[in-house]
Protein chains: 2
Amino acid sequence: MILCGLPGAQGHAEVDVDKIAIIGLGLIGGSIGLALKEQKDPKLQVIGFDAEVDIGTKAQKRGAVDKAVWRLPEAVEGAQIVIIATPVLAIREVLQTIAEMLQPGAVVTDTGGTKSAVMAWAKEYLPQGISFIGGNPLTGKDVVGIEKASPALFHNSRYVLIPDKAAHGSAVQAVVDLVSTTLKAKPYFMDADEHDSYAAAVTHLPMLLAQTVVGATSKSPSWKEMSRLAASGFEASSSLAGADPLNNLDICITNREAIVHWANEAIREMARFRDLVSGSTNEAGAEALGTALARSWEAREVWHTKYLEGDISDDAPARPSMPSPGEQLADFMIGAKLRERYQQMFKLNETKEQERRQRRFRRA
Amino acid sequence: MILCGLPGAQGHAEVDVDKIAIIGLGLIGGSIGLALKEQKDPKLQVIGFDAEVDIGTKAQKRGAVDKAVWRLPEAVEGAQIVIIATPVLAIREVLQTIAEMLQPGAVVTDTGGTKSAVMAWAKEYLPQGISFIGGNPLTGKDVVGIEKASPALFHNSRYVLIPDKAAHGSAVQAVVDLVSTTLKAKPYFMDADEHDSYAAAVTHLPMLLAQTVVGATSKSPSWKEMSRLAASGFEASSSLAGADPLNNLDICITNREAIVHWANEAIREMARFRDLVSGSTNEAGAEALGTALARSWEAREVWHTKYLEGDISDDAPARPSMPSPGEQLADFMIGAKLRERYQQMFKLNETKEQERRQRRFRRA
């Protein structure tokens, strides 16, 4: 496997990569292995290591690695590229352990969901001459394990890259090539602190909300009955609670402050929605609720369209305070329908029957 | 199309259904139409009506109906079965309007997401001799419109049926046949109040959480930047905010009390998780957080496995207070790993460097 300008012993020329090590053979590590093996490069050896021996065996059987080894040095020694695909806190141990085993000029990258702590550990433990490029593939957060691994897991998804300041430009290029050519993902460069503060909002908060919906419902005495009504909506809403709990734990611990901040924001927002629902007993109240529902529908549609199109350009419409072109569109599309609805609703609702029916709604 | 024992003018024998009306041609109505047309019954006419003329035109072009008509009587007159697939509050108007147009023995069903109000309206407006069977297909809550309609939308999904007390047994059988044979879904009988209280927890609360994640993030001044990191996790978490806002509004208004109840439960649960994250700065705190994450992972896995297998049997494990077999399994599988993790984590964490790094975590 030839990667452009990998910093080898012989300088920054193109080198032929003949050994890549993958540490951690779960969904992400296994999928990277499958994508590497899919290239059918006879000169490239993909060596895997997992702390659990049977996961290594499974990964080898699935063809995600040429060989799974039971000693970390055997995986790492002589590898030009080392990919650490463990839960976040384990990355620290791996970096400490492999620091002295790496060959000069080796490139190390990881796939952890938080990045500030990882970048600091790499700086602390890795010797000079080793290039570290932090990574976070923005995909596959809702399933676990080598069994679900797929070479197509990363196709068209974004892949955050955060080069350490001391990383060789050519090492960065090597990881970019791996991400874009082998994994068919889209490299996206950013700062570690920036990554963690944004990921808290758009990945870790959704994870917390998934914990919330599962926690609130599954602890109810009626869970047995209500779980039979749970379907695609519940499945989507709870999906991040299906990710590896050990990995979720590490993410909470390494991005604690930002996650607590967003949990508080979400509690405020949910209380606001609850009050809107609670106050929707007259026309003005229903209009306020309907407007809020239309606004979030629109924000989600604008984002989702861009996401599906892979559009992460700088002209994504800014939010909020100023009405965006999208907001005017929503007003145009939904405003009239909503207004008509409120009026009709409360004209019809002012009957004794409605009040009687309201009383019949059973409390959950 | 022959349905078992449809109550026709000639009594409760089998009748040949030659006209079915679908009122409301969005995702659900359109998908029912496509499934009916897929049967290629030359004697069956599927007539559609939508308040928006261009939606009717689109449905006819897509082949979801034989003909879209612009006047409600034209759709309903002579139909043996009338399917109302509009947002919930519009069902009331439709029932009022069609009551006197229905032929004797006609069967009326709906697809609304709340059922107590709908059942009461049917009782109030429909004349004797008309059978009403309330329905709610538990699928397709996260997309909108005839464009996304598919005859396979209901395959293997559950489909709640709530017969009015006065409905003929043979009318119930006809709807069961439609649901199981034509839509290939699984009929699931229950009480309307029961449905609404459970749906509040497992469908309407997830919808509210989707509003929450979209509301909290999209109103942030950093939304433009953070939205580029939003990926599959955000997509799943926010998906129910992508449903028709008019329909979401109707659901909130017709199931207000139960939704407010579950919003409060969710706020409590989220505050509990926030406190667990916030308190995960020592071994005991991390263990408490890890245990909570493992518990919800397990509850979600147990539910999801059953859901994917279509298992809604009575022996679904009860929750909680008593440890279930599943909980013991989780302890066995994850408990030891977690304990090892906490110990290692806090042995390594007690360094000055860690404190320095903690301070570097930017607030979101």
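Good morning, colleagues. Please keep in mind throughout that what we have before us is a predicted model.

I begin with chain A as a whole. Chain A contains 14 helices and 10 strands. It has 364 residues, of which 55% count as buried. If we take the contacts in chain A with a separation of 6 or more, 75% of them are between residues 24 or more positions apart. Chain A is divided into domain 1, residues 2-190, and domain 2, residues 195-360.

Let us turn to the sheet of chain A. Eight strands form an open sheet with mixed pairing, and their order is β5-β4-β3-β6-β7-β8-β9-β10. Which strands stand at the edges? They are β5 (67-69) and β10 (186-189) of chain A; each has a single partner strand, so one side of each is left without a neighbour in the sheet. On average, neighbouring strands of this sheet are turned by 25° against each other, direction ignored.

I would now draw your attention to strand β6 of chain A, residues 81-84. This strand is covered on both faces: Ile81(A) and Ile83(A) are buried on one side, and Val82(A) and Ile84(A) are buried on the other. Strand β3(A), residues 19-23, pairs with β6(A) in the parallel sense over 4 bridges, and here Ile22(A) stands opposite Ile83(A). β6(A) is also joined to β7(A) by 4 bridges, again with the strands running parallel. In that pairing, Ile81(A) is opposite Val107(A) of β7(A). Between β6(A) and β7(A) the chain passes through helix α4(A), residues 88-98, in a right-handed β-α-β crossover.

The buried residues of α4(A) are Val88(A), Leu89(A), Ala90(A), Ile91(A), Arg92(A), Val94(A), Leu95(A) and Ile98(A).

Thr109(A) has Ile133(A) as its bridge partner in β8(A). Elsewhere on the sheet, helix α2(A), residues 53-61, lies across β4(A) (45-49) and β5(A), and runs at about 170° to β5(A).

Next, the contact between the two domains of chain A. Here 19 residues of domain 1 are in contact with 18 residues of domain 2. On the domain 1 side, the elements giving two or more residues are α4(A), α5(A) (116-125) and β9(A) (158-163). Of these, β9(A) gives the most, with 3 residues. By class, this side of domain 1 has 9 nonpolar, 5 polar and 5 charged residues.

I move now to chain B. Its open sheet of 8 strands has the order β5-β4-β3-β6-β7-β8-β9-β10, with mixed pairing. The edge strands of chain B are β5 (67-69) and β10 (186-189), each pairing on one side only.

In the first, β9(B), residues 158-163, pairs with β10(B) in the parallel sense over 4 bridges, with Arg158(B) opposite Lys186(B). Helix α6(B), residues 169-182, packs on the sheet and touches β6, β7, β8, β9 and β10 of chain B; its direction makes about 170° with that of β9(B).

β3(B), residues 19-23, pairs with β4(B) in the parallel sense over 5 bridges, and Ile20(B) stands opposite Val46(B). The chain crosses from β3(B) to β4(B) through helix α1(B), residues 27-38, and this β-α-β crossover is right-handed. β4(B) also pairs with β5(B), in the parallel sense over 3 bridges, and Phe49(B) has Val69(B) as its bridge partner. The crossover from β4(B) to β5(B), through helix α2(B) (53-61), is right-handed.

Finally, the contact between the chains. How many residues does each chain give? The contact takes 116 residues from chain A and 116 residues from chain B. Helix α7(B), residues 192-218, provides the largest share of the chain B side, namely 23 residues. By class, that side has 61 nonpolar, 28 polar and 27 charged residues.

Thank you for your attention.

Note on methods. Residues are numbered from 1 along each chain as its sequence is written. Chains are lettered from A and ligands numbered from 1 in the order in which they are written. This is a predicted model: local features need pLDDT of at least 70, side-chain atom pairs count only at pLDDT 80 or more; totals for chains, interfaces and linings use all residues. Two strands pair if DSSP finds at least two bridges between them. Axes are lines fitted to C-alpha atoms, for helices over the stretch in contact, and angles run from 0 to 180 degrees between N-to-C directions. Two residues are in contact if their C-beta atoms, placed from the backbone, lie within 7 Å. A residue is buried if 20 or more other C-beta atoms lie within 10 Å of its own, exposed if 12 or fewer, and partly exposed in between; C-beta atoms are placed from the backbone. A crossover is right-handed if, with the strands pointing away from the viewer, the path from the first strand over the helix to the second runs clockwise. Ala, Val, Leu, Ile, Met, Phe, Trp, Tyr, Cys and Pro count as nonpolar, Asp, Glu, Lys and Arg as charged, and the others, Gly among them, as polar. Domain bounds come from an automatic or database domain assignment.
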